[in-house]
Amino acid sequence: MFTRNAFLFGYNKKRRFIARELEKEPLNLILVVDDEESYNQAKEDGFREVIFIDLTDDELLENLKINDDDYLVCVMSNHYMNVFLTLSLHSIFPKAIILALSDSPHTTQKLKMAGASRIIDLYQVSANRIHNMLHKPVATKLIERLFSPEEEFSFKEIEIPKGSSLDHIMVDDFDFSKHNVILIGMIDKRLSHQFIFSTSGLENRFDVGDTLVCIGCNEDLERFQAFIGA
Amino acid sequence: MLKKLLTQFAFFLHTSKFYNRSKKRASDFLLNSDYLYKKYFDIFMILLIISSVAILVYEVKNPVPVWVDFFDIYLVTTIFSLEYLARIWVHNCWHSEVVREYGDAKFLNKKFNLWSPTKKILRGKLSYMASPTAIIDLLAILPAYRPLRVLRIFVLFRVFKLLRYTKSINQFLGVLGSKKFELYTLLFLLVFITVTAGIAIYVFEEKSNDNINSLFDALYWALITISTVGYGDISPVTSEGRVVSMLIIITGIAMISFVTSVIVSSFSEKLTELKENRLVEEINKEEDFMIICGYGQMTRMFLRHYEHEYAKRYIIIEKDKERVDEAIKEGYRAIHEDASRYDVIAKFNTDHAQVTLLALTNSDVANIYITLNAKAISKNIRVISRSSSERIAKKSRLAGADSVVMPSLIANRMLFAAITQPVMYKAVYAILTGQHLAQLDEVNSVYHQKMVGKSIKELRLKEQKLLPIGYESANNRAFIFNPSLDYKIEEGDILLLMGRHVSIEHFKKTYEEIGYVHA
């Protein structure tokens, strides 16, 4: 058992990918559905923890044993229900991180008002993708490779651990190319909790607890992670 | 002997590249409204006509210089004559017909008769010469014949020639053409009533009315009255005549309102079609444009964010009339058509322009069909198709789609990244949505020649706060990640950089120089 839970509200064939990928992560995945068909489908697809409840009932939601740092992912196919559920979850668990899927700018706005921490607009990301395909085909291909789990390239978040060789080193003084990884940016805890792109021109220093975002081959990334002692 | 020579000549023409190319070019200039340079030819002809008519009007009261007369008689007339002959020339093709019939005769072991195809072609050319537009063309040449001053008035036929070169007038006539039956019926009724009323007034008033001396006077009066113009130069004096007047005035009013309503209704029926044709014509003039099939949530989102970048270089094709109206209401350029039909996509200029087609309807089957349709028309059309799953995506690629977009997959991956790597998600989201803080952009060495031959180190990217992510090699189009600082950019390489919008734009400007674009 892991310490963190991810609750996925809503399940269908289209959401099978996200459920499968989440299952591989160090999280306890719990599927919560409100109809029999989804319940049967989820069971058929081999998910162990599937809960079938009436999602409009706050009492039942309260009984779900949701902790403050759990992920609540609202992907109901009915968008009215998705907004309603986000609102209910936010009122019951104000500290939990709620992620939601939207299909229009109007829904996005409503989800934001309802308290979702992060909203992914299904069509906006696709529209961006089409635009990028037309204008930046090489960049789009790379991003696609970075995102696809089968590819050797990826993004990685690495936190600088205690006793790391990177501690107290200025960003400019460290040669990432030696490790064949590229530093995209970081969160410099000393300065703020904002993400800073490495091209923004600020002079940062690596310290314990900072989070780096790097891209590279999976092997190189792992080797680099080992090098800095993470 | 002559027959043999002529047949040989026909074969020579048939195989002569120069002759066929010339004829094709002439036909493009005269008839092909999609031809890029036709509009310049049309403008030139319109200017000639205007100058000719201006000379006619000026001449009435003022003496004109000799050179103006020379210009009017020789130059304008020569050009009009050449145009007239060229139109007869391109109307049909003698050599093709001869070659075809010769082939048929040989195949059937029959004796070849040269007169048969020649007769067919001559008949075609004669029937063209008898058409109203060709007659106008011919009459427009006549004013050059100076001994007969009356022929000067034929300069006005040059004004009629304008019809040829202005599309809107042609479209107006086309619309009226669609109501031929109604208009002919009305015309017949008008002639019938005018003649009947004219005869009636002639019979009633010929003796008592001083102004009516002939049947022509009576008919003239009838037409002036029925049209509600009523000059008043002739008016009935007997009671019978006045009754006839009253009757035809009422008929006249009814008829005028009927004609107006027929014309207005035919316009409102055709207006959408005309507007849509205009849109297609406009877009066909662009060198590169986009056809978006389907107006759903995805298209809406795409246009909301990027319409300004495509300005007038896109068109939406939607099958559902309600959605088309919705798109037009939003201010988008949409037409009501079915993108899966061959003729719908074929009317776009796919030969000369770079066309991108987005198949974004919410039906996978329709998207695949649209992809196949577009690829069947031209392999040059770049197709980006939407699909709901990996299986469908595979089929789309088989159908020829150059790229496939899977909204649910992209959203799933983003969602997954947002859960598992939230910091990275923010970074990627900023990059993906092209925020000014950080962009991932590519610099093509073909358009930025100055960087060719320079090493990455020499480009001094770090100083400009740019991060080289990699490059796509010109040799095998493979992507090389994290290039070494010593790598020298080759022509055709595409460099991938990350940085702020200003840095990237500055870099592009510094190295901008367009080189030879390899096919």
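Helices (H or I, at least four residues) and strands (E, at least two) are DSSP runs, numbered from the N terminus. The model is predicted: local features need pLDDT of at least 70, side-chain atom pairs count only at pLDDT 80 or more, and totals for chains, interfaces and linings use all residues. Residues are numbered from 1 along each chain as its sequence is written, while chains are lettered from A and ligands numbered from 1 in the order in which they are written.

Val365(B) belongs to helix H16 (residues 364-377) of chain B. Val365(B) counts as exposed because it has 11 C-beta neighbours inside 10 Å. Lys395(B) is 30 residues from Val365(B) along the chain, and their C-alpha atoms are separated by 9.8 Å.

In helix H8 (residues 155-165) of chain B, the buried residues are Val155(B), Arg158(B) and Lys161(B). Seen down the axis of H8(B), they fall within an arc of 60 degrees, so they line one face of the helix. The arc is that of the directions from the helix axis to the C-beta atoms. These buried residues pack against helix H3 (38-61) and helix H7 (132-141) of chain B. Contact requires C-beta atoms, placed from the backbone, within 7 Å.

Chain B also holds an open sheet of 4 strands, in the order S7-S10-S8-S9, with antiparallel pairing. Strands pair if DSSP finds at least two bridges between them. Strand S7 (439-444) and strand S9 (479-481) of chain B stand at the edges; each has a single partner strand, so one side of each lacks a neighbour in the sheet. S7(B) pairs with strand S10 (residues 494-499) of chain B over 6 bridges. Asn444(B) has Ile494(B) as its bridge partner in S10(B).

Note on methods: A residue is buried if 20 or more other C-beta atoms lie within 10 Å of its own, exposed if 12 or fewer, and partly exposed in between; C-beta atoms are placed from the backbone. Two residues are in contact if their C-beta atoms, placed from the backbone, lie within 7 Å.
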